[in-house]
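I opened the notebook to work through one structure piece by piece. Here is what I looked up, in the order I got to it.

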Amino acid sequence: MLTLADIARGQAVTITEITGEDSISIRLMEMGLTEGETVRLIGAAPLGDPLEVRVRGYKLSLRKSEASRIRVQPLSPPPPTV
């Protein structure tokens, strides 16, 4: 299953599930990451962690470990790599 940590820069996805039942899962939902919401990966830090995403009109930084708990479905194909 594809997660938010696996998508390419610029790719848009729809959240299908937040895995887990702990405080981190609840916090992710409180930040606006809910099922059915569209998210776009804006970029990543030089070493790949954290990730910056756009959700609900604002930018949000997430650790890769947090992003890997968010299952997604692609809306658009990944942008071509140069």
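This is a predicted model: local features need pLDDT of at least 70, side-chain atom pairs count only at pLDDT 80 or more; totals for chains, interfaces and linings use all residues.

**Entry 1: a charged pair**

Is Arg69 buried or exposed? I looked it up: Arg69 is buried, with a relative accessible area of 17%.

Next I wanted to know which residue forms a salt bridge with Arg69. I found Asp22 there, and the closest N and O atoms of the two are 2.8 Å apart. Asp22 is partly exposed, at a relative accessible area of 31%. Under 20% counts as buried and over 50% as exposed, so Arg69 with its 17% falls on the buried side, while the 31% of Asp22 falls in between.

Then I checked where the two partners sit. Asp22 is in the loop between β1 and α1 (23-30), and Arg69 is in the loop between α2 (64-67) and β5, so this pair ties together parts that are 47 residues apart in sequence.

**Entry 2: other salt bridges**

How many salt bridges are there by this rule? I got a count of 5. A reminder to myself: side chains of opposite charge can pair when their charged atoms come close.

I looked at Arg27 and Glu30, which form a salt bridge with their closest N and O atoms 3.4 Å apart. Both lie in helix α1, 3 residues apart, and that is about one turn of the helix. Arg27 is partly exposed at 45% relative accessibility, and Glu30 is exposed at 56%.

I also looked at Glu66 and Arg63, whose side chains meet in a salt bridge at 3.0 Å, N to O. Here Glu66 is buried, with 15% relative accessibility, but Arg63 is exposed, with a relative accessible area of 52%.

**Entry 3: the sheet**

In what order do the strands of the sheet come? I read off β4-β3-β2-β1-β5, an open sheet of 5 strands with antiparallel pairing. The edge strands are β4 and β5, and each of them pairs on one side only. From one strand to the next, the twist averages 45 degrees.

- β3 and β4 are antiparallel and pair over 5 bridges. Across this pair, Arg54 stands opposite Lys59 in β4, and Leu51 stands opposite Leu62 in β4.
- β2 and β3 run antiparallel as well, joined by 5 bridges. Gly43 has Glu52 in β3 as its bridge partner.
- β1 and β2 are antiparallel too, over 3 bridges. Val13 has Val39 in β2 as its bridge partner.

I checked the turns as well. The hairpin of β3 and β4 has 2 residues between the strands, and Arg56 takes a positive phi near 55 degrees there. The hairpin of β2 and β3 has 6 residues between the strands, and Gly48 in that turn has a positive phi of about 90 degrees.

**Entry 4: the nonpolar core**

Which residues touch the most other members of the largest nonpolar core? I found Leu4, Leu33, Val39, Leu62 and Ile70, out of 19 residues in that core. The elements giving two or more residues to this core are β1 (12-18), β2 (38-44), β3 (51-55), β4 (58-62) and β5 (70-74).

Leaving aside its neighbours within four places in sequence, Leu62 is in contact with Leu4, Leu28, Met31, Leu33, Asp49, Pro50, Leu51, Val53 and Ile70.

**Entry 5: a proline in a strand**

Which residues is Pro74 in contact with, leaving aside its neighbours within four places in sequence? My list reads Leu2, Gln11, Ala12 and Val13. I also looked at Pro74 and Ile15: they are 59 residues apart along the chain, and their C-alpha atoms are separated by 8.9 Å.

How values were computed. Residues are numbered from 1 along each chain as its sequence is written. Side-chain values use heavy atoms; hydrogens and water are left out. A nonpolar core is a set of buried Ala, Val, Leu, Ile, Met, Phe, Trp, Tyr and Cys residues joined through side-chain atoms within 4.5 Å. Buried means under 20% relative accessible area, exposed over 50%, partly exposed in between (1.4 Å probe, protein chains only). Helices (H or I, at least four residues) and strands (E, at least two) are DSSP runs, numbered from the N terminus. Contact means heavy atoms within 4.5 Å. A salt bridge is a side-chain nitrogen of Lys or Arg within 4 Å of a carboxyl oxygen of Asp or Glu. Two strands pair if DSSP finds at least two bridges between them. Axes are lines fitted to C-alpha atoms, for helices over the stretch in contact, and angles run from 0 to 180 degrees between N-to-C directions.
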